[in-house]
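Please read each point against the coordinates.

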Amino acid sequence: MSKKYEKIGETVFSKVDKINAELFTLTYGALVTQLIKDYEDIEQVNIKLEQMGYNIGVRLIEEFLAKSGIGRCNDFVETAEVISKIGFKMFLGVTAQISEWDQDKKEFHLIIEDNPLIDFVELPEHLKHKLYYSNILCGVIRGALEMVQMKVKCTFVKCALSDESSSEIKVVLEEVLSDLAPVGYD
């Protein structure tokens with residue numbers, strides 16, 4: 001399954017418009033800095049980043065589906081493969097590794113070895129274990145998956161800016177939402 005998505009990813013990425021990665025990283029850093037100034041409470045910053053990511057994910061899924069040509073995934077395992085091999089590559093230029101599946105295949109961890117959002121970033125000591133700098137990614141995943149009928153909970157487990165070797169996100173499938181349109185909706 002992995003090779004299938006890696007091959008699809010190689011052909012799709014040539015079609016995707018790219019912006020300068022350094023400019024994106026610096027702009028994101030300015031956004032996080034402004035949120036810290038505005039909210040002061042780091043937990044509120046983490047929440048705001050996740051909410052912003054959710055709104056982005058809700059919109060990004062359309063672009064992802066249009067440009068990737070990926071159809072409906074058969075199950076949550078296949079969905080995880082698509083996220084890690086194609087979604088991350090398409091929008092961030094990196095792939096993520098999947099680990100720690102639970103027995104029911106409803107929970108996994110995404111490990112991001114080379115998180116581009118944290119390039120050029122060094123957190124002050126007092127923020128290292130409180131701020132989930134890339135928490136926007138949790139929101140993007142949650143928002144995108146909700147648009148394809150999967151309600152998930154995403155939480156940061158490790159952050160590479162907190163003296164960890166990589167960033168790690170836990171993704172838990174809470175519910176598969178109904179595919180039916182509301183009554184009277186055509």
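1. The structure under review is a predicted model. In it, α4 passes α5 in a right-handed crossing. The contact draws on Phe 76, Thr 79, Ile 83, Phe 88 and Leu 92 from α4, and on Leu 137, Ile 141 and Leu 145 from α5. By class, the residues of this contact comprise seven nonpolar, one polar and no charged.

2. The geometry of this pair may be stated as follows. Helix α4 covers residues 76–92 and helix α5 covers residues 136–147; their axes come within 12 Å and cross at roughly 125 degrees. An angle of 65 to 115 degrees would count as roughly perpendicular, and one over 145 as roughly antiparallel. The two helices α4 and α5 are therefore oblique to each other.

3. Helix α4 also meets helix α3, which comprises residues 42–68; the axes of α3 and α4 come within 11 Å, with a crossing angle of roughly 100 degrees. Helix α3 is thus roughly perpendicular to α4. On the α3 side the contact involves Leu 60, Glu 63, Phe 64, Lys 67 and Ser 68, and on the α4 side Val 82, Ile 86, Gly 87, Met 90 and Phe 91. The composition here is six nonpolar, two polar and two charged.

4. When neighbours within four places in sequence are left aside, the listed contacts of Gly 87 are Phe 64 and Val 82. The C-alpha atom of Gly 87 is separated by 9.4 Å from that of Ile 141, a residue 54 positions away along the chain. Ile 141 is among the α5 residues that take part in the contact with α4.

5. Is helix α5 largely enclosed by the rest of the structure or largely open? Nine of its 12 residues are buried, so α5 is largely enclosed. The buried residues are Ile 136, Leu 137, Cys 138, Gly 139, Val 140, Ile 141, Gly 143, Ala 144 and Leu 145. Of these, Leu 137, Ile 141 and Leu 145 belong to the contact with α4.

6. The length of α5 is consistent with its residue count. At 1.5 Å a residue, its 12 residues should span 16 Å, and the end C-alpha atoms are 17 Å apart, which agrees. After α5 comes Gln 149, which has a positive phi near 75 degrees.

7. Arg 142 also lies in helix α5. With a relative accessible area of 23%, Arg 142 is partly exposed. Residues up to four places away in sequence not being counted, Arg 142 touches Glu 50, Tyr 54, Val 152 and Cys 154. The C-alpha atoms of Arg 142 and Val 152 are separated by 5.8 Å, the two residues being 10 apart along the chain.

8. As to the chain overall, the secondary structure amounts to five helices and four strands. Read from the N terminus, the order of the elements is α-α-α-α-β-β-α-β-β. The chain has 186 residues, of which 42% are buried. Among contacts with a separation of 6 or more, 61% are between residues 24 or more positions apart.

Methods: Residues numbered from 1 in each chain as written. Predicted model: local features only at pLDDT ≥ 70, side-chain atom pairs only at ≥ 80, totals over all residues. Heavy atoms only, no water. Axes fitted to C-alpha atoms, helices over the stretch in contact; angles between N-to-C directions. Parallel < 35°, antiparallel > 145°, perpendicular 65-115°, else oblique. Left-handed = near helix turned anticlockwise from the far one by under 90°. Contact = heavy atoms within 4.5 Å. Nonpolar A, V, L, I, M, F, W, Y, C, P; charged D, E, K, R; others polar. Expected span 1.5 Å × (residues − 1). Buried < 20%, exposed > 50% of the residue type's maximum accessible area, 1.4 Å probe, protein only.
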